[in-house]
Amino acid sequence: MRLEGYITSLLYDYNCVVVPGFGAFLAHTDSAAIDSSAHRLFPPQKSISFNAQLKENDGLLVSHIAKQKNLGYENLLDEVQSAGELWRQRLSQGEKIDLHGIGKLWQNEAARIQFQPENKTNYLTSSFGFAPLNAVPIQREVLKEEVEDLEANIPFIITPEKREETTFRPWLKYAAILLLAVSLGFTGFSAYSDFNQKQTLARQDAQKEVSRLIQEATFFDGKPLELPAINVALNKKQIGKHHVIAGAFRIKRNADRKVEQLQRKGYKAIYLGTNRFGLHQVAYSSFEDASEALTFLKTMRKSESPDAWLLSEK
């Protein structure tokens, strides 16, 4: 029995999932963080760890599987314990166990189980739709005080001159003042015009970047979440109520292009309409049965995109 899918679905709502006879996977909530060296901002998330001392069955995992498969509790308890025992045997033989969406398990020289989380899935539902952001540092120009250096290094010699009293013409003084005023006015206007032009270009570049980020936005998570209702004009007899989402687009023609692209690959892709954020959603396919949808979702994450997620209607 593969337990990874059941464990990951429980980690969204619970902070401890015990595999009877094997150990427990623990979820710890971490606040938002920044990686200064890589210039990346990370949203709040749940970090996963493993504790081999917590082996007692609390009934959570077995009850969840029994509900999903509609089987008896006692029979499933034996299967889950057998799966945990098989994991322990593989680890004792030196194998590494890779649990998709959770992490890797192996045994060290002291026969202790080691765990390395995968950290690709954020199990904190309040951070749904948040992805790490690149924080590009602002390069500020540092102006050097060149004038002060020049004044300190270049000596000024003042040579007294005799004033010509007879040949000086008063109107030359006013002409020089007028010329200086015109020159200052032209210089100030040029500087102001250049500043406005740079400011306009900066606003245009910022708007283009925001539009690009919104257009490329996709949502990801591995657990079906209850999202706000959307108005979709579709024939319910032709599609199911569980949709494996391929992406969401700000511009509808990009969504239509995605549908055509997936249909050429052989998928039963459909356009689902817009969500509460005004993004146009595209699905790989739709299913009536939730288990079939989850199986198809795992296949799409491996073959097409790890950001695929499941939207289930009530």
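Reader: Okay, and what should I know about the model itself?
Author: It's a predicted model, where local features need pLDDT of at least 70, side-chain atom pairs count only at pLDDT 80 or more, and totals for chains, interfaces and linings use all residues. Residues are numbered from 1 along each chain as its sequence is written, and side-chain values use heavy atoms, with hydrogens and water left out.

Reader: What's the average pLDDT of the chain?
Author: The average is 76, and 68% of the residues score at least 70. pLDDT is the predictor's confidence in each residue, from 0 to 100. Over residues 217-227 the pLDDT is below 50, yet the model gives this stretch 40 contacts beyond near neighbours in sequence (contact means heavy atoms within 4.5 Å). Residues 232-237 also stay under 50, and they have 6 contacts beyond four places in sequence.

Reader: How many helices and strands are there in the chain?
Author: The chain has 7 helices and 13 strands. Those are DSSP runs numbered from the N terminus: helices are H or I with at least four residues, strands are E with at least two.

Reader: And how much of the chain counts as buried?
Author: Of the 314 residues, 30% count as buried.

Reader: Back to Leu 41, where does it lie?
Author: Leu 41 lies in strand 4, residues 40-42. Together with Ile 34 and Leu 133, Leu 41 makes a nonpolar surface patch of about 290 Å². Patches are made of residues with over 30% relative accessible area and no salt bridge; like charges are joined within 9 Å, and nonpolar side chains (Val, Leu, Ile, Met, Phe, Trp, Tyr) within 5 Å. The areas come from the Shrake-Rupley method with a 1.4 Å probe, and for residues only the protein chains shown count as cover.

Reader: Which way do the side chains point along strand 5?
Author: They alternate along strand 5, residues 45-51.

Reader: In what sense do strand 2 and strand 5 pair?
Author: Strand 2 (residues 23-30) pairs with strand 5 in the antiparallel sense, over 7 bridges. Two strands pair if DSSP finds at least two bridges between them. As one example, Leu 26 has Ser 49 in strand 5 as its bridge partner.

Reader: New topic: how many salt bridges are there in the whole structure?
Author: A search finds 4. A salt bridge is a side-chain nitrogen of Lys or Arg within 4 Å of a carboxyl oxygen of Asp or Glu. Side chains of opposite charge can pair when their charged atoms come close.

Reader: Which residue forms a salt bridge with Arg 2?
Author: That's Glu 4, with the closest N and O atoms 2.7 Å apart. Arg 2 counts as exposed because its relative accessibility is 62%, whereas Glu 4, at 8%, counts as buried.

Reader: How far apart in the chain are Glu 304 and Lys 265?
Author: Their side chains meet in a salt bridge (3.4 Å, N to O). This pair links distant parts of the chain, 39 residues apart: Glu 304 is in the loop between helix 7 (290-303) and strand 13 (309-312), and Lys 265 is in the loop between helix 6 (252-264) and strand 11 (270-274). Glu 304 is partly exposed at 29% relative accessibility, and Lys 265 is partly exposed at 48%.

Definitions and conventions
Buried < 20%, exposed > 50% of the residue type's maximum accessible area, 1.4 Å probe, protein only.
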